[in-house]
Amino acid sequence: MTVTWNTERRARRDDAHRPSFDLVVMDMAGTTVRDDGLVERAFARTAREAGLDTYMPLASAAQYVHDTMGQSKIAVFRHLTAGNEAAAQEANRLFERSYGELAETEGVEEVPGAGAAIAALRDAGLRVVLTTGFSPATRDALLSHLGWVVDGALSPADAGGRGRPAPDMILSAIVATKARAVSSVVVVGDTASDMIAGRNAGAGAVVGVLTGSHDLARLTEAGADAVLESVAALPRFLLELP
């Protein structure tokens, strides 16, 4: 298992007592669900259909989508349409349709070992909640295909409408599962937005994984306590935390 620690945060953790966790909040696309560029391909199709080049060059829009991976999709489209709510809603509808069609034709797979990691965490007594920037309908379709048993799954619509980097989905997971405290929560994701949301929520640990959109430097800069190669290593990592 390869673990890259944020040395500054590791030093502070070594001065504290061994952390005790009871809830793991994990992102979906790129963290537990293999993306393989599906989000960006769905966006490219949407950009053409929705005429997003009316608002900005498509290359700039595509870069913004990449940079904001992990955030609420409707919030991304509000930015790309310069605040035109009707256009943003239509673009989001087209995106969800395109993503669903691509997922259906190309198939959806877990990040290798993700399902086993979820099961191992729950067997160890931790609750697992998945979060995503997708709509509830797209989220539930993915979960149905994967067949995972989790303690909850949340979209921005389930948390007052605010997605990452706001902490709302994480805090909603804490309330829903009756977690002991924010310090007993581990947040796991593949994007800077995941890391920032974890920090904003006051999570006891924020862990990045390298199976998605952002690299080690980006995840560490955004506040990751540690970065793993994959979520498959998470159960062992949590059991071995100093």
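Which residues do ring pairs link into a cluster? In this predicted model, the cluster consists of Phe43, Phe77, Phe95, Tyr99 and Phe134, joined through ring pairs. The count of aromatic pairs comes to five. A pair of aromatic rings is described by the distance of the centres and the angle of the planes. For Phe77 and Phe95, the centres are 5.9 Å apart and the planes make an angle of 55°, a tilted arrangement. This pair links distant parts of the chain, with Phe77 in helix 4 and Phe95 in helix 5 (residues 85-106), 18 residues apart.

The axes of helix 3 (residues 58-67) and helix 4 (residues 73-80) come within 11 Å of one another, crossing at roughly 150°. Because angles over 145 degrees count as roughly antiparallel, helix 3 is roughly antiparallel to helix 4. The handedness of this crossing is right-handed.

What do the two helices bring to their contact? From helix 3 come Ala61, Tyr64 and Val65, and they meet Val76, His79 and Leu80 of helix 4. Sorted by class, five of the residues in this contact are nonpolar and one is polar, with no charged residues.

Conventions. Residues are numbered from 1 along each chain as its sequence is written. This is a predicted model: local features need pLDDT of at least 70, side-chain atom pairs count only at pLDDT 80 or more; totals for chains, interfaces and linings use all residues. Side-chain values use heavy atoms; hydrogens and water are left out. Axes are lines fitted to C-alpha atoms, for helices over the stretch in contact, and angles run from 0 to 180 degrees between N-to-C directions. Helices (H or I, at least four residues) and strands (E, at least two) are DSSP runs, numbered from the N terminus. Angles under 35 degrees count as roughly parallel, over 145 as roughly antiparallel, 65 to 115 as roughly perpendicular and the rest as oblique. A crossing is left-handed if the near helix is turned anticlockwise from the far one by less than a right angle, and right-handed if clockwise. Contact means heavy atoms within 4.5 Å. Ala, Val, Leu, Ile, Met, Phe, Trp, Tyr, Cys and Pro count as nonpolar, Asp, Glu, Lys and Arg as charged, and the others, Gly among them, as polar. Rings of Phe, Tyr and Trp (its six-membered ring) pair if their centres lie within 6.5 Å; planes under 30 degrees apart count as stacked, over 60 as edge-to-face and the rest as tilted.
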